[in-house]
Amino acid sequence: MSAFPTHLLSMEDLGPEEITEVLRVADSFVEVGRRANPKVPTLRGRTVATLFFEDSTRTRMSFETAAKRMSADVLSFAAGSSSLKKGESLRDTVETIEAIGIDSVIIRHSSSGVPARVAEWVDHCVVINAGDGWHQHPTQALLDLYTVRQALGGGDEGLARLEGLRVAIVGDIRHSRVARSQIAAYTAMGAEVTLVAPSTLLPPSLEGWPVASVSHDLDAVLPKADVVSLLRVQSERGSGAFVPSLREYTAGYGLTARRAAVLQPDALILHPGPIVRGVEIASDVAELPAALITDQVSNGVAIRMAVLFLLLGQGPAGGALRD
Amino acid sequence: MTERTGRTAPSGPTLVIRGGTVSDTTGERRADVLVADGKVASVEERIESPRGAVVLEAEGCIVAPGLVDLHTHLREPGREETETIETGTRAAALGGYTAVVAMPNTDPPLDSAEAVRNVQELSLSATAEVAVAGAITVGRLGERLAPMAELAGLGVRLFTDDGAGVQSAGLMRRALEYARGLGVILAQHCEDGSLACDGAMHEGAWSSRLGIPGMPAAAEEVMVARDIALTRATAGRIHFLHLSTAVSIEMVRRAKAEGLAVTAEVAPHHFSLTEAATAGFDPLFRVNPPLRPASDVEAVKLGLADGTVDAIATDHAPHAPESRDLPFDQAPPGMLGLQTALALAVSELDLPLQRVLALLSWQPAALVGLDPIGGGGQGGPIVPGAPANLCVIDPTATWTVDPSALASRSRNTPYAGRRLTGQVRHTVFRGEPVVIDAEAQR
């Protein structure tokens with residue numbers, strides 16, 4: 001067995017071997033997903049809980065679908081109607097959930113670091129980060145990698161082609177947990193990452209970041225890119241104050257039809273969703289064959305099944321044995 | 001002078017501090033110290049213990065004026081579950097302090113005569129002198145001046161909206177002008193709100209990587225620059241609280257060279273911890289100003305060494321244990337400091353003990369007028385007739401910080417498990433041995 005970590009908190013915790021393992025395990029779950037009855041008994045008797053302290057229909061549905069397809073019992077903890085509203089602390093909530101006998105908690109929180117703190121508080125529960133603040137969203141990066149590998153021929157061939165791949169990550173990188181996870185994931189597999197954003201939407205410091213280059217000129221980057229990964233302009237996080245207007249943002253950084261036309265013929269377009277049509281991506285560009293947005297969503301279930309398998313499914317009582 | 005007088009007030013036991021080296025503004029000398037009736041009675045190479053005297057052993061120790069903290073949050077009134085005047089001054093005494101300046105960001109804030117008198121009265125039985133600081137603006141809201149003249153009449157010597165900076169340059173100008181006529185000091189918490197925004201740590205390599213909203217060094221520096229300009233313009237007097245960046249220290253260095261009435265303090269955590277401590281998202285390491293990169297830590301140490309910085313001040317900020325369970329960016333900033341400041345200074349600064357004591361005792365005492373020149377009894381010198389506010393320090397003793405052993409009502413020290421050199425053995429406050437052999441006596 002590889003040195004897969006106890007919890008999945010950050011892409012930075014996974015090396016190329018662990019990432020490869022996730023992608024290979026996901027292959028078999030993609031196959032399961034194509035069956036008439038897409039269910040396996042792997043996690044029968046195990047209970048996972050989704051703790052989403054920040055609204056997210058897509059990621060929660062994806063995780064819950066993944067867990068159910070593996071026959072796990074799934075509890076859905078709605079932060080809005082919970083004891084937290086009654087003043088219970090996050091830590092007490094987590095300790096209560098663990099005392100109930102939950103094997104794994106899948107956490108989404110608007111504050112960076114919450115999954116890491118929860119991982120310190122629990123005794124045996126496995127913590128999976130489903131997105132924390134601006135910090136990390138590891139399963140999103142894994143499903144992006146999976147989707148690109150699939151488009152590049154899949155299997156070991158697709159895997160090998162990740163090496164040297166030129167990836168442009170475009171948009172609000174500053175406030176993006178997806179970007180932080182993507183950068184770690186792509187570079188771990190040997191891809192070259194270029195960040196494209198206005199300076200205000202870049203992190204204040206890129207010291208120690210493994211990126212090949214930074215650009216403010218999308219038009220110059222696009223003809224050389226093998227993968228264009230777009231990020232949503234997160235107006236709910238106050239990104240609005242970081243650019244004069246969405247119109248000006250789109251003029252400089254939106255993937256318009258005119259810009260898509262200069263892409264290499266086999267270039268791929270990714271977007272973690274939800275997409276804001278007409279801002280970071282033009283509606284007709286989102287419908288191009290090169291745009292893998294719906295593949296990302298369907299692969300998300302297989303990737304999350306793979307993660308659950310690797311964290312929980314090793315043996316009949318894998319989680320309990322971790323003590 | 002060797003007999004107990006039997007007078008009732010001021011009383012207190014007769015003490016002999018035996019075997020130590022006395023260190024104060026006048027230098028170091030091997031001497032025993034006799035304390036009677038709350039005052040230093042004699043300082044001689046060898047003093048016979050009078051009958052019934054309490055002997056405080058000081059072999060191998062330094063006998064110094066009690067430490068003076070310019071920056072203590074005692075939390076009373078308003079947050080007594082985290083600290084009270086009693087528990088906070090007990091922690092102070094154990095840390096070698098005989099005086100603390102109590103910050104006014106209580107609830108209610110100390111912006112009125114009634115609020116100031118209340119804390120003064122609550123402090124009468126404390127185990128250290130509590131010098132109450134007043135707010136610069138009403139409610140610390142930065143909108144209009146608090147009744148500074150009235151508060152000065154109650155003995156308030158330092159005014160600050162600490163916890164927040166006075167955001168309006170125009171209002172700060174008026175405050176500096178008004179304070180000039182009162183003989184009081186304004187102390188600024190330098191943090192420009194429009195730059196700091198909701199920043200929860202230093203903006204830089206670590207905040208970028210961790211995805212925690214940062215506050216740039218410039219949030220502190222623009223206010224230091226602004227207030228130096230205002231001090232120049234008003235011929236005013238300003239004290240900068242807890243400076244933390246290399247640029248801030250350099251601006252103070254230049255302002256002093258120019259002859260402006262500018263003083264500065266730094267906090268122990270800004271010379272003993274870096275921003276890397278936040279890597280685990282533990283809110284124990286959230287503080288304002290935030291922990292900085294190593295280059296700023298070095299600049300703070302240099303400022304202490306070359307005299308740019310006048311004082312080490314704790315910014316002792318107790319918080320309830322449950323606040324540590326909050327997400328980093330939602331937890332309140334601040335950490336305990338009173339019981340670790342001296343040992344951190346001894347352990348982390350490459351300075352002679354005499355310099356460390358200057359930064360912890362007589363310089364802050366003089367800065368806020370608690371010294372004999374200002375009419376107070378803090379900061380030495382240790383001479384017959386002086387009020388007996390003393391601490392006895394073992395400069396080579398090592399100890400390990402244990403949060404549960406701290407006297408504070410809160411436990412939020414960032415130094416749990418850290419091995420430190422330099423320990424307070426005894427503290428004498430107004431002639432009373434409030435700490436003997438590192439144990440609080442009440």
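**Chains and domains**

Guide: 21 residues of chain A are in contact with 18 residues of chain B, where contact takes C-beta atoms, placed from the backbone, within 7 Å. This is a predicted model, where local features need pLDDT of at least 70, side-chain atom pairs count only at pLDDT 80 or more, and totals for chains, interfaces and linings use all residues. Residues are numbered from 1 along each chain as its sequence is written, and chains are lettered from A and ligands numbered from 1 in the order in which they are written.

Visitor: Which element gives the largest share of the side of chain A that touches chain B?

Guide: Helix 4 of chain A, with 3 residues. Helices (H or I, at least four residues) and strands (E, at least two) are DSSP runs, numbered from the N terminus.

Visitor: And by class, what does that side of chain A have?

Guide: The side of chain A that touches chain B has 7 nonpolar, 9 polar and 5 charged residues. Ala, Val, Leu, Ile, Met, Phe, Trp, Tyr, Cys and Pro count as nonpolar, Asp, Glu, Lys and Arg as charged, and the others, Gly among them, as polar.

Visitor: Switching to chain B: how many helices and strands?

Guide: Chain B has 12 helices and 21 strands. Its domains are domain 1 (15–63 + 383–440) and domain 2 (66–374), with bounds from an automatic or database domain assignment.

Visitor: How many residues of those two domains are in contact?

Guide: 30 residues of domain 1 of chain B are in contact with 39 residues of domain 2 of chain B. On the domain 1 side, strand 19 of chain B brings the largest share, 7 residues. That side of domain 1 divides into 16 nonpolar, 11 polar and 3 charged residues.

Visitor: What about the largest nonpolar core, which residues touch the most other members?

Guide: Val33(B), Val63(B) and Phe159(B), out of 126 residues. A nonpolar core is a set of buried Ala, Val, Leu, Ile, Met, Phe, Trp, Tyr and Cys residues joined through C-beta atoms within 7 Å; buried takes 20 or more other C-beta atoms within 10 Å of a residue's own, with C-beta atoms placed from the backbone.

Terms used
A residue is buried if 20 or more other C-beta atoms lie within 10 Å of its own, exposed if 12 or fewer, and partly exposed in between; C-beta atoms are placed from the backbone.
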